[in-house]
Amino acid sequence: MGKYFGTDGFRGEANVKLKVEHAFQVGRFLGWYYGQDYKARIVIGKDTRRSSYMFEYALAAGLTASGADAFLLHVTTTPSVSYVVRTEDFDCGIMISASHNPYYDNGLKIISGSGKKIEASVEQQIEDYIDGKIGELPLATGEKIGRTVDYIAGRNRYIGHLISLATRSFKNTKVGLDCSNGSASSIAKSVFDALGARTYVIHNEPDGTNINRDCGSTHIEALQRFVREKGLDVGFAYDGDADRCIAVDENGCVVDGDRIMYVCGKYMKEEGQLLNNTIVTTVMSNLGLYKALDKAGIAYEKTAVGDKYVYENMCANGHCLGGEQSGHIIFSKHATTGDGILTSLKVMEVMMDKKMSLGALASEVKIYPQLLENVRVQDKKAARENPKVMAAVEHVAEVLGDDGRILVRESGTEPVVRVMVEAESDELCRKYVDEVADTIKAEGLAD
């Protein structure tokens with residue numbers, strides 16, 4: 001965690017924490033960094049926030065002032081930027097998005113030439129430049145000044161790539177899509193239409209301020225109602241930059257990232273495609289997923305929260321499927337990051353091949369009630385390592401045994417300790433979360 005860059009880029013309220021000057025400086029540094037031996041080529045995508053246009057122009061100005069050529073994909077998804085970077089010989093990519101955050105936030109996600117999130121060492125150099133710890137960078141002059149190029153063709157090639165991955169026609173299948181008034185609005189429907197689905201879309205009219213507002217993967221109830229009202233076969237909801245996907249089955253029931261990993265992982269195992277017979281999860285995945293995977297004979301690994309850590313584990317160990325409960329699912333054969341639209345296509349593949357509803361496919365996973373509470377503290381490390389707090393956590397873990405679990409961890413971005421309990425009932429979750437939270441407060445550690 002750096003001063004500006006967190007686990008998912010440089011994010012904050014537009015022109016408050018993330019200022020237009022920052023975007024210009026990021027562009028200046030990246031244009032110089034990649035252009036020391038030749039003219040750098042850097043591609044930029046953005047979501048539908050009002051401030052995304054401002055940051056796009058600032059980045060392009062910084063890049064071209066340092067001599068790089070800036071290629072604009074315009075409104076597109078984070079995974080499309082990753083795809084274009086790694087398949088079309090760009091030095092790096094920049095996605096302007098704050099993902100599932102409200103419209104007034106924004107962020108800069110920097111993607112390396114291999115389509116992965118940029119190395120922490122480069123992020124540190126960018127921070128040093130912003131803070132004036134690196135001397136002023138040379139400005140390009142004359143013919144060395146960079147160009148800004150309209151590159152919507154790159155986004156169209158990504159759409160073609162998604163369509164090419166489908167192995168089955170979706171003909172006569174009624175599919176609902178919640179595009180979150182975000183990046184998926186410009187891509188998702190055309191993909192499903194091309195594959196023969198009868199596509200019904202909501203929240204695909206972005207106005208710059210309605211991204212993620214009561215819609216998308218973080219407000220799934222809107223899609224649940226839509227699927228029930230229209231009598232659809234399945235529904236998929238994306239977040240603002242479409243790197244997440246949460247599904248809704250034919251009955252309007254939520255199928256989250258854990259259950260999606262189970263459905264796809266079990267199918268891949270049956271088809272001989274699940275490398276190492278292993279799925280990579282995070283510590284926040286539900287106990288019900290692990291019990292179902294044990295029953296199916298599928299191994300699993302756990303990482304820290306963040307798709308970045310999931311992908312690092314997948315690369316290090318040669319695994320091909322991993323993700324988060326929140327809907328970041330990575331199919332490493334096809335992508336280097338979570339891709340919501342790709343995930344929905346993979347779920348459709350299982351449904352079409354097995355001739356089963358999503359409800360039936362996901363029913364093998366019994367999701368345990370889960371309660372997460374954030375406790376604001378003065379010192380995260382001191383709170384987590386306090387002897388009485390640790391004793392309370394151990395007591396809860398012992399009482400729950402194999403029928404639940406407790407997880408206490410420090411937030412990476414806020415002054416809070418997160419207390420999460422899974423148990424067989426909501427009442428038990430509440431009881432044991434309160435037991436630990438009350439201990440933190442009784443010890444005078446809460447803020």
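Residues are numbered from 1 along each chain as its sequence is written, and side-chain values use heavy atoms, with hydrogens and water left out. Because the model is predicted, local features need pLDDT of at least 70 and side-chain atom pairs count only at pLDDT 80 or more, while totals for chains, interfaces and linings use all residues.

**Helix α14**

Helices (H or I, at least four residues) and strands (E, at least two) are DSSP runs, numbered from the N terminus. Helix α14 covers residues 387–400, which is 14 residues. The expected span of a helix is 1.5 Å times one less than its number of residues. For α14 this gives 20 Å, and the end C-alpha atoms are 20 Å apart, which agrees.

Buried means under 20% relative accessible area, exposed over 50%, and partly exposed in between (1.4 Å probe, protein chains only). V389, A392, V393, V396 and L400 are the buried residues listed for α14. Seen down the helix axis, the buried residues fall within an arc of 100 degrees, so they line one face of α14; the arc is that of the directions from the helix axis to the C-beta atoms. An α-helix has 3.6 residues a turn, so residues three or four places apart point the same way. On the other side of α14, P387, K388, E394 and E398 are exposed.

Contact means heavy atoms within 4.5 Å. The buried residues of α14 pack against α13 (380–385), β18 (405–410), β19 (416–422) and α15 (426–442). At the start of α14, a side-chain oxygen of N386 comes to within 2.9 Å of the backbone nitrogen of K388. Just after the helix, G401 has a positive phi of about 55 degrees.

**The sheet**

Two strands pair if DSSP finds at least two bridges between them. Three strands, in the order β17-β19-β18, form an open sheet with antiparallel pairing. β17 (370–376) and β18 are at the edges with a single partner strand each, so one side of each is left without a neighbour in the sheet. On average, neighbouring strands are turned by 15 degrees against each other, direction ignored. Axes are lines fitted to C-alpha atoms, for helices over the stretch in contact, and angles run from 0 to 180 degrees between N-to-C directions. Helix α15 packs on the sheet and touches β17, β18 and β19; its direction makes about 15 degrees with that of β17. β18 and β19 are joined by six bridges, and R405 has E422 in β19 as its bridge partner.

**Single residues**

A polar contact is a pair of N or O atoms within 3.5 Å; within protein, one must be able to donate a hydrogen and the other to accept it, and residues adjacent in sequence count only if both atoms are side-chain atoms. Polar contacts of two side chains are tabulated here.

| Side chain | Partner | Distance |
|---|---|---|
| S344 | side chain of Y238 | 3.0 Å |

K39 lies in the loop between α1 (20–34) and β3 (41–46) and is partly exposed at 36% relative accessibility. S344, in helix α11 (residues 340–354), is buried at 0%.

Most residues other than glycine have a negative phi. H203 has a positive phi near 55 degrees and is found in the loop between β9 (198–202) and α7 (221–230). N277 has a positive phi near 50 degrees and is in the loop between α8 (257–270) and β13 (278–282).
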